[in-house]
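Work through the exercises below with the sequence and the model open. Try each task before reading its solution.

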Amino acid sequence: MQHFPIFVNLRGQRVTLSGGGEAALAKLRLLLKTEGDIHVFAAEPHADLETLADEGRLTLHRRAARAGDFTGSRLAYGANEDHAEDTRIKALAEAEGALVNIVDDLHNSQFITPAIVDRDPVTVAIGTEGAAPVLARAIKRDLEERLPSSLGLLTRIGKAFRTAADALPMGKKRRDFWADYYFNEGPKALAKGENNAREALDALLTRHLSEAPEPGEVAFVGAGPGDPEMLTLAARRALDEAEVIIHDGLVSPEILELARREALMIDVAKHGFGKSTPQEAINALIVGHALKGEKVVRLKAGDPGVYGRLDEELDALAPHGIATRILPGITAASAAAASIGQSLTKRGRNSDLRFLTGHDTKGFTEQDWHALAAPGAVAAIYMAKKGARFLQGRLMMHGASPATDVTVVENASRPDTRILHATLAALPETVEGLSGPAVLLYGLAPRDAATELKLKAAQ
């Protein structure tokens with residue numbers, strides 16, 4: 001992010017603009033929405049500028065800007081549509097301590113003015129770092145259609161009521177009140193008139209003050225294999241509503257970015273054969289926050305019911321009577337198989353499918369090796385990097401062919417996905433050096449032969 005988005009308080013602050021043509025007028029359409037003290041310098045001002053000055057909406061100086069004109073200015077704009085003149089304005093404004101924007105010149109601007117959706121006091125700013133103004137306008141148009149024109153009035157009424165709402169305790173209780181107003185009672189009351197909306201706030205506050213605190217709840221949410229596009233709609237809603245998010249270390253940063261900014265984020269990473277957060281500590285965190293009446297999301301990579309210790313955490317909550325729900329996610333095996341163009345089951349090849357783990361709390365795991373070694377067997381093996389040589393030995397000992405296809409997919413669904421096709425004979429060497437989460441697809445090869453050859457050549 002090159003340009004950091006902020007909202008600058010312009011009430012009573014001097015804003016200076018140099019330019020008298022169409023570019024200046026376009027910029028003024030936004031600036032005049034503020035409470036700033038607008039000064040415009042133009043030797044030959046457009047007739048509309050003269051009108052705005054006559055109406056007292058800005059101060060028009062009928063000359064070119066010169067040294068001293070930018071002193072005390074919070075913001076300065078060069079809108080002369082002349083490179084040499086705007087370069088001069090930029091030097092003057094910078095020397096006098098103002099932040100400068102040269103219209104349609106990203107390189108010479110210290111800040112940019114985004115596209116704006118105005119529902120005063122609700123303002124949505126849309127920026128693309130100057131890379132795609134057409135996209136910014138399209139987003140603005142979409143938001144204009146989605147946000148009702150009454151939103152501003154609803155917000156102004158709510159703003160005037162904030163002192164009264166301070167009677168509610170900080171945190172969840174107060175947030176629930178405002179959510180109830182903005183998304184439920186407020187719009188319904190405003191449809192009957194402005195006074196109805198004000199009366200609805202009084203009645204709503206009385207109700208929320210008298211209500212007992214709501215109990216906490218825990219949602220076990222599957223974050224999928226890493227690509228935020230693979231999140232379910234239910235998972236997105238849960239992240240937006242959560243007050244506390246207790247997440248695995250394998251959950252991608254892009255998914256964590258979708259959480260509401262006010263949420264408390266707690267990383268409880270586990271690492272096979274390495275430093276990990278004890279399960280007892282995770283259980284205590286989940287229970288503790290839920291007992292405070294908070295909405296907790298236990299965010300697990302993949303699907304919470306596949307090697308996610310879901311039962312242990314549900315058992316920890318059960319004695320406390322805390323409400324829970326489970327929102328499944330796409331497990332890594334499904335994403336890995338999709339990335340190599342294969343199905344996990346196929347008529348005539350495998351009538352069953354096994355999900356295995358390479359190790360558990362006691363070390364490397366024992367399986368039905370004889371069944372796995374049979375021709376055509378398919379298995380998705382999680383956490384198999386450390387146990388690759390153990391798996392190879394057990395399978396070959398029970399008759400598996402050394403030429404059996406094995407495909408290792410690292411960081412399935414993510415931009416840095418790696419697909420390594422090998423045989424059982426070469427499995428230990430294939431997984432050496434992998435640092436990301438990997439799924440081993442035993443009995444499967446990438447579908448496309450050209451891709452397969454390219455992958456082999458890259459190894």
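A crossing of two helices is left-handed if the near helix is turned anticlockwise from the far one by less than a right angle, and right-handed if clockwise. Helices (H or I, at least four residues) and strands (E, at least two) are DSSP runs, numbered from the N terminus. The model is predicted, so local features need pLDDT of at least 70 and side-chain atom pairs count only at pLDDT 80 or more, while totals for chains, interfaces and linings use all residues. Residues are numbered from 1 along each chain as its sequence is written, and side-chain values use heavy atoms, with hydrogens and water left out.

**Exercise 1. Describe how helix α5 packs against helix α8.**

Step 1. Two packed helices are described by the angle between their axes and the distance between the axes. Axes are lines fitted to C-alpha atoms, for helices over the stretch in contact, and angles run from 0 to 180 degrees between N-to-C directions.

Step 2. Find α5 at residues 151-160 and α8 at residues 194-210; their axes come within 10 Å and cross at roughly 40°. This makes α5 oblique to α8. The classes are: under 35 degrees roughly parallel, over 145 roughly antiparallel, 65 to 115 roughly perpendicular, and the rest oblique.

Step 3. The crossing of α5 over α8 is right-handed.

Step 4. List the residues in contact (heavy atoms within 4.5 Å). From α5 these are Leu153, Ile157 and Gly158, and from α8 they are Glu194, Ala197, Arg198 and Leu201.

Step 5. Sort the list by class: 4 nonpolar, 1 polar and 2 charged. Here Ala, Val, Leu, Ile, Met, Phe, Trp, Tyr, Cys and Pro count as nonpolar, Asp, Glu, Lys and Arg as charged, and the others, Gly among them, as polar.

**Exercise 2. Describe how α5 packs against α7, and find which residues of α5 are buried.**

Step 1. The axes of α5 and α7 are 11 Å apart, and the angle is about 120°. The two helices are therefore oblique to each other, and their crossing is right-handed.

Step 2. On the α5 side, the contact holds Leu153, Leu154, Thr155, Ile157, Gly158 and Lys159. They meet Trp178, Tyr181, Tyr182, Gly186, Pro187 and Leu190 of α7. By class, this contact has 8 nonpolar, 3 polar and 1 charged residues.

Step 3. Check burial: buried means under 20% relative accessible area, exposed over 50%, and partly exposed in between (1.4 Å probe, protein chains only). The buried residues of α5 are Leu151, Gly152, Leu154, Thr155, Ile157 and Gly158. Their packing partners are β6, β7 (122-126), α6 (162-165), α7 (172-190) and α8.

**Exercise 3. How many salt bridges does a search of the whole structure find, and where do the partners of three of them lie?**

Step 1. Side chains of opposite charge can pair when their charged atoms come close. A salt bridge is a side-chain nitrogen of Lys or Arg within 4 Å of a carboxyl oxygen of Asp or Glu. The search finds 25.

Step 2. Take arginine 119 and glutamate 144, whose side chains meet at 3.0 Å, N to O. Arginine 119 is in strand β6 (residues 115-119) and glutamate 144 in helix α4 (residues 133-146), so the bridge ties together parts 25 residues apart in sequence. Arginine 119 is buried at 13%, whereas glutamate 144 is partly exposed at 27%.

Step 3. Take arginine 325 and glutamate 241, with 4.0 Å from N to O. Arginine 325 is in strand β12 and glutamate 241 in helix α9 (residues 233-241), 84 residues apart. Arginine 325 is partly exposed at 33%, and glutamate 241 is partly exposed at 34%.

Step 4. Take aspartate 248 and arginine 298, with 2.9 Å from N to O. Aspartate 248 is in the loop between β9 (244-247) and α10 (253-256), and arginine 298 is in strand β11 (residues 295-300), 50 residues apart. Aspartate 248 is buried at 19%, and arginine 298 is buried at 2%. Salt bridges with shared partners join Asp248, Arg298, Lys300 and Glu313 into one network.

**Exercise 4. Is leucine 327 buried or exposed, and which residues does it contact beyond its neighbours within four places in sequence?**

Step 1. Locate leucine 327 in strand β12 (residues 323-327).

Step 2. Its relative accessibility is 12%, so leucine 327 counts as buried.

Step 3. Leaving aside those neighbours, leucine 327 contacts Phe220, Val221, Gly222, Ala234, Ala235, Ala238 and Pro304.
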